[in-house]
Amino acid sequence: MALLSLKGVSKHYGDETAVDTLDLDVEDGECLVLLGPSGCGKSTLLRMIAGLETPDGGQILLDGRDITDLPPHKRPVNMMFQSYALFPHLTVKDNIAFGLRREGLPNVEIARRLDEAMAMLEIAAYADRRPHQLSGGQQQRVALARALVKRPRLLLLDEPLAALDKRLRQQTQAELRKLNRQTGITFVFVTHDNDEAMALADRVAVMDRGRLRQVDRPRQVYDRPIDRFVATLMADINLFDAVVAEEAGGLTLARSGVMMLQFPMNGAEPQPGGRQLLGLRPEQIKISREAGPSAPNTASGIVTDIDYIGDMTTLEIRLPDGQTVRASQLNSIQEPIVERDETVWLAWDANALVPLADR
């Protein structure tokens, strides 16, 4: 059963539509990541769930209860912002306990929850420090403890890791996933970073101009994006605008420049002569210095650029018709190093080609 349900939720600012009649269910205990570029409406959606913005239309249900018009302090929801918003004059323990004291909980219960939250996030050693005496990562943990200590049914996180360096961001992502599983609290996490979405999410909801493009598990969104927007947002991808030739043996054959492409359509087959956009991730391409047999899903070209990124090398290859293809491979000391201006041969499986809606 869904813990959170959004039904036809919309928000407008004058003539601008921030969220456009959006439907979304979030399951109890899951981590759902809202992914999209700046201005797509994801933070506005989060603020409406928190009660900081009022929808112009639709309903927000939490555990089956309509909370659309409920003020923020009456919702069993906490929100963690990118800025952390810690009180500079309070110590770590007083920052964390602030909300509990506002609720009027007994001191014994406050102390118990405070100790539990600080132990969980390993910040007990900083209990008497003030925010300016903490690193960015330590402040982030304090803000998270303050959110968790109230034991919300739902925790909303608005790009809380954006200010951290790469190493600390990756470490904190792992901690958040662990906390999500340990506490059972449902997370809705906003980010524009596709790697962060892949690392954190049980499901990814891709947003664009106030609407959802695709909602699915991270692997499915990456491997089987539904359209051009989702495919390019998730990661680097080769796009081929192909003309369909025929269907044979369950596979569709199409031409893109000098290449013949063979792929499973997995849906309505385009008519011969019709156009089909196809996506191919660089890591799905096999690279060889030796010429292979001429067949569909093969090509040869000249290496025009090489990007070495530690464990991975990405080659840019120019085909005889001028098209460029990007191909990646894991680095190995046993493999010969391909040079610029060298001719290479490429091949990929039919299942690696993904038919995309061109929108």
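This is a predicted model: local features need pLDDT of at least 70, side-chain atom pairs count only at pLDDT 80 or more; totals for chains, interfaces and linings use all residues.
I started with aspartate 158, which is buried (under 20% relative accessible area, 1.4 Å probe, protein chains only) yet has no salt bridge. For a salt bridge I'd need a side-chain nitrogen of Lys or Arg within 4 Å of a carboxyl oxygen of Asp or Glu. The nearest side chain of opposite charge is arginine 47, 6.2 Å away; Lys and Arg count as positive, Asp and Glu as negative, with His and the chain ends not counted.

Residues are numbered from 1 along each chain as its sequence is written, and side-chain values use heavy atoms, with hydrogens and water left out.

Next, which side chain makes a polar contact with that of aspartate 158? I found serine 43, at 3.0 Å. Such a contact is a pair of N or O atoms within 3.5 Å; within protein, one must be able to donate a hydrogen and the other to accept it, and residues adjacent in sequence count only if both atoms are side-chain atoms.

Then I placed aspartate 158 in strand 7 (residues 154-158); strands are DSSP E runs of at least two residues, helices H or I runs of at least four, numbered from the N terminus.

Last, the sheet: six strands, open, in the order 6-7-8-3-9-10, with mixed pairing. Two strands pair if DSSP finds at least two bridges between them. The edges are strand 6 (77-80) and strand 10 (211-216), each pairing on one side only.

Technical notes
Buried means under 20% relative accessible area, exposed over 50%, partly exposed in between (1.4 Å probe, protein chains only).
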